[in-house]
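Here is a short report on a protein structure. Take a look at the model before reading on.

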Amino acid sequence: MKLDLLGSRRRTHYCGHLRPSHAGQKVFLAGWVARRRDLGSIIFLDLRDHTGVTQVVCRPEISAEAHHKAEDVRAEFVVGVEGEVVARTPDTVNPQIATGEVEVLAHRLLILNEAKTPPFPLDDEGRTSEETRLRYRYVDLRRARLQHHLRLRHRAAMAVREHLAGHGFVEIETPFLTRSTPEGARDYLVPSRVHRGHFYALPQSPQLFKQILMIAGFDRYFQIVRCFRDEDLRADRQPEFTQIDIEMAFPIREELFNIVEELIEKLFALVEVRVQRPFLRLPYGAAMERYGSDKPDTRFGLEWKLLTCPPELAEKLQLAALKALRVPKEAGMSRAQLDKLQELARTAGADWFSYAKVGQEALQSPLSKLSGDDVLQRLAGQVEARAGDLVLFLALKNSDTSDGGPPLPALRRLDEASGEIRLELARKLELLNSKTWNFLWVTDFPMFEYDPAEKRFAAMHHPFTSPREEDFDKLEFDPATVRARAYDLVLNGSEIGGGSIRIHRGDIQQRVFRVLGLTPEKARERFGFFLDALEYGTPPHGGIALGWDRLIALMCGESNIREVIAFPKTASAVDLMCDAPSSVEPEQLRELGLRLVE
RNA sequence: GGGGACGUAGUUCAGCUGGUUAGAACGCAUGCCUGUCACGCAUGAGGUCGCGGGUUCGAGCCCCGUCGUCCCCGCCA
């Protein structure tokens, strides 16, 4: 096919912008052919660009050449149209599209490029398999939905820059080729050609660089930055993802919260959501007890309560800890559903599950024979159960806390099971409102988490998080109870950010490393440059990182972050479009001093 | 590393208890059509049933293996 040249023609309007007020104007439009309707002696083309669609009319009596060319046009051809905007007669107006009151009468049609038949229809909204979409991502991205998401992402990034710059934050880039720090996630490694046998690592986050920028006197820093983690993927996890990374010197926690809350407020204004401020603050302990989660979804009630267990029941059942949840008006729940909850409780790690249905007169429960109705009444009373309610009980048995290890992991299991039951109930009872946006700060995380497999403590946030000052003395004697100055930002049950006030004193940093089982030698080997930097006048500092992909996905109403990333990877970390990762030439390996084994 | 779901035309899917020549819709091609806008009508092309092996007289269907995609657990300081 003979193609036309664009020449010096300049687009005068976008396809989605024409209105009756443009009638009579000569215009030049350019875009992709969304659809061709050939009625013989009249051919309609729907011309599309990112703003929308305009109907182009090709009639032989206006231009025989344009009409003739339109016969060859197919879907996704790139064309330019020179013509006149005309108002449609009332009976031909299309109210379904923004430009439906006008059309462009083609005086001249330029076929700028042809296109293969698209591998899938562009207007099918989510019916094409993701595999096919990702393979032909350039076609997929033409869809209005993805255009919207990525353009919103762009405007959101602009808002971030404007907001943070307005608060005195400076955007500074940090290296991608950096040093491996084996703590935390698996690193992506990049072999050095110049230094054979040595490797760079792609950053899991710019954590140490941003702290060093504080030491360097930059006072307030931010970056919209790519991070890399070589771990298994999920719907909300990609091997490379973006963070809004923020750090400030001489931090007041409330000031940081305020800056972030304001930012969130501005971001959600972009999608016409007014957020409630200030955000709720919830200590970690309360979150775990009441919601069974460190990222509670507070769009619905269903709060657990830790009960004081009547001794006779505790004795009989060997209960070590007992939680209860009042489910209003659900006394009618079926045995089958309750059995499912019991099964969930078991697999989620609780030792014991039971329930009571509150009637007008009496309680109905498998427990009543065992405990007697008065004991049951007292338990139900502790959660203020009323007639018609269902009360769920969840417990930990004695044997589990007496195995010598710290009792916390066991309690944690109970809490986590309670959290899963809570979420399952919310789904089953359809309590999740997609129009509600509940932000909250979870604060006062434990500093350390005991890892039974490795038989050591691990940092819950990261090893540069400051313990609360009043807990400094417990570092060596009771690390499990040391609280961190760490906080997470949570939205509707998703963690969208996390940060902390950092350690700015070398002595405290060394003590924390020691709790983590890092000898001074090991610490020096891994973080020597950072420990050195700490010695040269480190101001108190702290910050936060927001999960940008997750945040944008939530703003777009998407549950999968691939929908807000232009070129995402599959669950096995493959880019289906460019087929990465790939093998490389033997010469490339030779240069790097690498040899493949097996 | 583990569990679950899926894999059939370009796309989305159907395909019974293993039985003749594997179907539908959309898309595509060709022709007709002057007001369509998911145009319509007619005709037609299009299949490595993911791949390899096995069972069977016979496999899209059963078995084993393998690859790929999605979801979840572990993992993700």
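## A pair of neighbours, and a second pair

R253 is partly exposed because its relative accessibility is 30%. The term covers the range between buried, under 20% relative accessible area, and exposed, over 50% (1.4 Å probe, protein chains only). E254 is partly exposed as well, at 39%. The side chains of R253 and E254 form a salt bridge, N to O 3.6 Å. A salt bridge here is a side-chain nitrogen of Lys or Arg within 4 Å of a carboxyl oxygen of Asp or Glu.

E255 bridges to R220, with 2.7 Å from N to O. E255 lies in helix α6 (residues 253-269) and R220 in strand β9 (residues 220-228), so the pair ties together parts 35 residues apart in sequence. Helices (H or I, at least four residues) and strands (E, at least two) are DSSP runs, numbered from the N terminus. E255 is partly exposed, with a relative accessible area of 32%. R220 is buried, at 13%.

## How the model is read

This is a predicted model: local features need pLDDT of at least 70, side-chain atom pairs count only at pLDDT 80 or more, and totals for chains, interfaces and linings use all residues. Residues are numbered from 1 along each chain as its sequence is written, chains are lettered from A and ligands numbered from 1 in the order in which they are written, and side-chain values use heavy atoms, leaving out hydrogens and water.

R326 is partly exposed, at 23%. D389 is buried, with 2% relative accessibility.

An open sheet holds 8 strands with mixed pairing. Their order is β6-β9-β10-β22-β21-β20-β17-β11. The edge strands, β6 and β11 (280-283), each pair on one side only. Two strands pair if DSSP finds at least two bridges between them. Strands β20 (residues 486-491) and β21 (residues 494-501) are antiparallel, with 6 bridges. Within that pairing, Y487 has G499 of β21 as its bridge partner.

Helix α5 (residues 207-215) packs on the sheet. Helix α5 touches β9, β10 (240-249) and β22 (541-547), and its direction makes about 20° with that of β10. Helix α7 (residues 284-291) packs on the sheet too, touching β11 and β17 (439-443). The direction of α7 makes about 85° with that of β11. Axes are lines fitted to C-alpha atoms, for helices over the stretch in contact, and angles run from 0 to 180 degrees between N-to-C directions. Contact means heavy atoms within 4.5 Å.

## Two loop residues

T181 lies in the loop between β6 (170-171) and β7 (189-191). Is T181 buried or exposed? T181 counts as buried, at 18% relative accessibility. Leaving aside residues up to four places away in sequence, T181 touches D187, Q204, R526 and F527.

F567 is in the loop between α15 (548-555) and α16 (586-592). F567 counts as partly exposed, at 46% relative accessibility.
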